[in-house]
Protein chains: 2
Amino acid sequence: MPKKGRREEILAIACRLFSQKGYHGTTIRDISEACGILAGSLYAHINTKEDLLFEITNRGADAFLQSLAPIVESRVTAKQKLKQAVRAHIQVVEANLEAATVFFHEWKALTGERFEQIQEKRDQYEGMWSAILAEGVQEGIFQLQDEKFARLLILSVGNWIYQWYRPDGGLSAEEIADRFVALMLHGFVR
Amino acid sequence: MPKKGRREEILAIACRLFSQKGYHGTTIRDISEACGILAGSLYAHINTKEDLLFEITNRGADAFLQSLAPIVESRVTAKQKLKQAVRAHIQVVEANLEAATVFFHEWKALTGERFEQIQEKRDQYEGMWSAILAEGVQEGIFQLQDEKFARLLILSVGNWIYQWYRPDGGLSAEEIADRFVALMLHGFVR
DNA sequence: CTTTAAAACAAGCGCTTGTTTGTTTTTATC
DNA sequence: GATAAAAACAAACAAGCGCTTGTTTTAAAG
């Protein structure tokens, strides 16, 4: 455990539990017990349980956005952007597997304005992917006909990775990304 | 509402609520209220709350399995099987959108033996997809090199559909399936 | 040592959870 | 219209929920 302070430790523990049992399936006492303190003591560090969920998902969202933004804005071909974007996405999942799981699986448990904030960031992220594909179509590299489905296909892969990716799989994030990109670009028919 | 009996009505209502708010996020009183009865009255029809979740996910699992089984066993090319399998999968999602959502999103809330039962059926389903791909490799239609990733790609698309598919989208399940298959087989590069 | 602030405890608040029990109402059958 | 089964009610149970409050312990700084 790094010396990031008690609050970060609590966040990490909550993140782990949320990813394992879900937000509603995790109690404040589950978290406090995993922290080695009593339930009430948690409230010296947090305001509400939902604060934990929001901070986890919000950081997750920012990680994905900050990872993709420079790629979208860079001046390379759309094909290269696609490759780099898939790499970046998988790297974020790899580096924050539990947070990514909470981000993709539990964000709908947020309420009110916080729900909308995360929803906006998700839309923003999807929009960046759409931009890459649209650019590829404009460049004539990608076929337009199925643009919508290409986007869905890519996001399906990206959004499902947290379900199966395990750090002890042997392949690096780059290798995984490159194989996916190869498949997506050229298909898997001989 | 059809005359399927009160229990089926309760299952349908629970299914809708579970898909909207999650299993742990839905209370017995939520369900009973949506049924127009008191919480205690539910227990004339069910034994436990988890019974509802199990019955929903188990039926969902069976729907996917029964839909895919005849395709895997049929005597057509692997390419045709793939096409039919994607069609079948999307049709099941289309015909049971809420149940499919619960199946994919909430099944981990099951406990003990029931968790394992659903896990087995999921493994079985994935195994059928693997069989189709392996067959395609054997026939020389698909490239082996990335078989694992092809399987992951297909299952990612299949397992993520419930997140975005809406019945009022304009396209039929067949049309959606055919476009995905075309993309997966040949990629989206010019 | 003393001071001070952070961290944890101890106890419990009001409320909700899933579920049970005994009784009453509804519905269908003869 | 009596009988019986099915369905709902009414009331509550023990347990657990998120969270608050007042006090004590811990630990670092002078």
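Author: Start with a term: a helix here is a DSSP run of H or I with at least four residues, and a strand is a run of E with at least two. The model is predicted. By that count, chain A has eight helices and zero strands. Read from the N terminus, its elements run α-α-α-α-α-α-α-α.

Now go to the DNA. Around DNA strand C there are 14 residues. The closest are A:Arg6, A:Leu38, B:Thr27, B:Tyr43 and B:Lys49. That list draws on chain A and chain B. What kinds of residues make up this surface? Four are nonpolar, six are polar and four are charged.

Which part of the DNA faces the protein? Take the atoms of DNA strand C within 4 Å of the protein. Of these, 62% belong to sugar or phosphate. The rest belong to bases.

Look at the phosphate oxygens one by one. A:Arg6 places a polar side-chain atom 2.8 Å from a phosphate oxygen of DNA strand C. B:Thr26 uses its backbone instead. One of its backbone N or O atoms lies 3.5 Å from a phosphate oxygen of DNA strand C.

Next, how do the two chains relate? Chain A can be laid on chain B by a turn of 180° and a shift of 0.0 Å along the axis, with an RMSD of 0.0 Å. The two copies are therefore related as by a two-fold rotation axis. In chain A, the C-alpha nearest that axis belongs to A:Gly187, 2.0 Å away.

The copies also share a contact surface. Of the interface residues of chain A, 100% are interface residues in chain B too, so the copies meet through the same surface.

Follow one residue there. B:Ser156 sits in helix α7 of chain B, which covers residues 147-164. Buried means under 20% relative accessible area. B:Ser156 has 0% relative accessibility, so it counts as buried. Which residues does B:Ser156 contact, leaving aside its neighbours within four places in sequence? They are A:Ser156, A:Val157, A:Trp160 and A:Trp164.

Last, step back to chain A as a whole. Its C-alpha trace spans about 60 × 40 × 30 Å along its principal axes. Of its 190 residues, 51% count as buried. Chain A exposes about 9000 Å², and carbon and sulfur atoms supply 48% of that.

Methods
Residues are numbered from 1 along each chain as its sequence is written. Chains are lettered from A and ligands numbered from 1 in the order in which they are written. This is a predicted model: local features need pLDDT of at least 70, side-chain atom pairs count only at pLDDT 80 or more; totals for chains, interfaces and linings use all residues. Side-chain values use heavy atoms; hydrogens and water are left out. A residue is near a molecule or strand if one of its heavy atoms lies within 4 Å of it. A polar contact is a pair of N or O atoms within 3.5 Å; within protein, one must be able to donate a hydrogen and the other to accept it, and residues adjacent in sequence count only if both atoms are side-chain atoms. Ala, Val, Leu, Ile, Met, Phe, Trp, Tyr, Cys and Pro count as nonpolar, Asp, Glu, Lys and Arg as charged, and the others, Gly among them, as polar. Buried means under 20% relative accessible area, exposed over 50%, partly exposed in between (1.4 Å probe, protein chains only). Contact means heavy atoms within 4.5 Å. Accessible areas come from the Shrake-Rupley method with a 1.4 Å probe; for residues, only the protein chains shown count as cover. Copies are superposed by least squares on the C-alpha atoms of residues with pLDDT of at least 70 in both.
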